[in-house]
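Hi everyone, thanks for making time for this one.

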Amino acid sequence: WNFEDVTQRSLIDREIHDERSKLADFLDHAPIGFYSVDGAGRFLFVNETLADWLGASPTELVANGAKIGDFLAEPPPAGALPHAPFESGGEPGEVELKGRHGLMLQALITQSVIRYGANLRTRSVVRDLTPERDWQAALRQSRERFERFFANAPVGIALLDEQGHFAEANATLGAFFGAAPADLIGKALVSFLPEADRPGLASHLAAAMAGRPPTEPVELSLPNGKSAALVMSRDSEGGLILHFIDTTDQKKMEAQFIQSQKMQ
């Protein structure tokens, strides 16, 4: 009989087994899909994440000889290889996958091909582009909504850079100054005001740039004979956001009221 202490070896084997289990669990339940196919496009390996997207189990996909091409929403382009059914035939490629439960998935597949003799297999990674596309669509919708609000707002809105020049201007503001919004870009706000009003506005703009915007609206006389109340606020990039509110009718009513008071 020969007795040998294998405690240390058992501990090492157990640790290796645990690490392999952790790696397998990570691979199976990662938030992206992993798979391998042979030259005919048959699955050799599929992780749990991708199998769930496709509406099957990894064992079922491999045992039944399922192919990656079986889950394409559209037939692959002419000349596409069975193991790489991409639009361009190159790598990476974007495809739309359709699971067995009707789930549609816009996916980006990146893979490397391992060749051994006449055979091959792939190491493929599938990224679900659907959340990203949904986010992009929501962002585009939000941007379009903001642009409509900005362009069609009934008050003049402008963004000034740190030098006091127009960086953005909407249509209402262009009407105030008798110019197209694009013609205001790059020009100084104070240059559109009467000479007498320029020093006062320049002082207010400098204070606002320094983080001390006026607490009350600044009264302005516009070139077209109108008057406006200007509200300033600092933006996150160091410029100023300006809102011009037409006060012409209000000023006329105030003048009429004062005249009426005088007459009384």
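Let's begin with Arg-127, which counts as partly exposed because its relative accessibility is 37%. One thing to keep in mind as we go: this is a predicted model. Arg-127 forms a salt bridge with Glu-132, and the closest N and O atoms are 2.9 Å apart. Glu-132 is partly exposed too, with a relative accessible area of 31%.

How many salt bridges are there by this rule? The count comes to five. Another of them joins Arg-100 to Glu-60, with 2.7 Å between the closest N and O atoms. That pair links distant parts of the chain, 40 residues apart: Arg-100 sits in the loop between strand E3 (93–98) and strand E4 (104–116), while Glu-60 belongs to helix H3 (residues 58–63). Arg-100 is partly exposed at 44% relative accessibility, and Glu-60 is partly exposed at 31%.

Then we have Arg-198 with Glu-195, where the closest N and O atoms are 3.2 Å apart. Here Arg-198 is partly exposed at 26% relative accessibility, whereas Glu-195, at 59%, counts as exposed, because the cut-off for that class is over 50%.

Now for the rings. The count is eight aromatic pairs. Take Tyr-35 and Phe-43: their ring centres are 5.7 Å apart and their planes meet at 85°, so this pair is edge-to-face. Tyr-35 is buried, at 2% relative accessibility, and Phe-43 is buried at 2% as well.

Phe-166 and Phe-192 also make an edge-to-face pair, at 6.1 Å centre to centre with 65° between the planes. Phe-166 lies in strand E7 (residues 166–169) and Phe-192 in the loop between helix H6 (181–184) and helix H7 (198–209), so the pair ties together parts 26 residues apart in sequence. Phe-166 is buried, at 2% relative accessibility. Ring pairs also link Phe-166, Phe-177, Phe-192 and Phe-244 into a cluster.

On to the largest pocket, which holds about 180 Å³ of space. Helix H4 (130–152) and strand E6 (156–160) are the elements that each give two or more residues to its lining. Among the lining residues are Phe-146, Phe-150, Leu-159 and Ile-241. By class, the lining has six nonpolar, no polar and two charged residues.

Finally, confidence. The chain's mean pLDDT is 84, and 94% of its residues reach 70 or more. Strand E2 (residues 43–46) has the highest mean, at 93, and helix H1 (residues 7–29) the lowest, at 69. Where pLDDT is low, the predicted coordinates should not be read in detail.

Methods: Residues are numbered from 1 along each chain as its sequence is written. This is a predicted model: local features need pLDDT of at least 70, side-chain atom pairs count only at pLDDT 80 or more; totals for chains, interfaces and linings use all residues. Side-chain values use heavy atoms; hydrogens and water are left out. On a 1 Å grid over the protein atoms alone, a cavity is a set of points where a 1.4 Å probe fits but cannot get out, and a pocket is an open set with protein on both sides within 12 Å along at least five of seven lines; lining residues have an atom within 4 Å of a point. Grid points are joined across faces, edges and corners, and a volume is the space filled by probe spheres set on the points. Helices (H or I, at least four residues) and strands (E, at least two) are DSSP runs, numbered from the N terminus. Ala, Val, Leu, Ile, Met, Phe, Trp, Tyr, Cys and Pro count as nonpolar, Asp, Glu, Lys and Arg as charged, and the others, Gly among them, as polar. Rings of Phe, Tyr and Trp (its six-membered ring) pair if their centres lie within 6.5 Å; planes under 30 degrees apart count as stacked, over 60 as edge-to-face and the rest as tilted. Buried means under 20% relative accessible area, exposed over 50%, partly exposed in between (1.4 Å probe, protein chains only). pLDDT is the predictor's confidence in each residue, from 0 to 100. A salt bridge is a side-chain nitrogen of Lys or Arg within 4 Å of a carboxyl oxygen of Asp or Glu.
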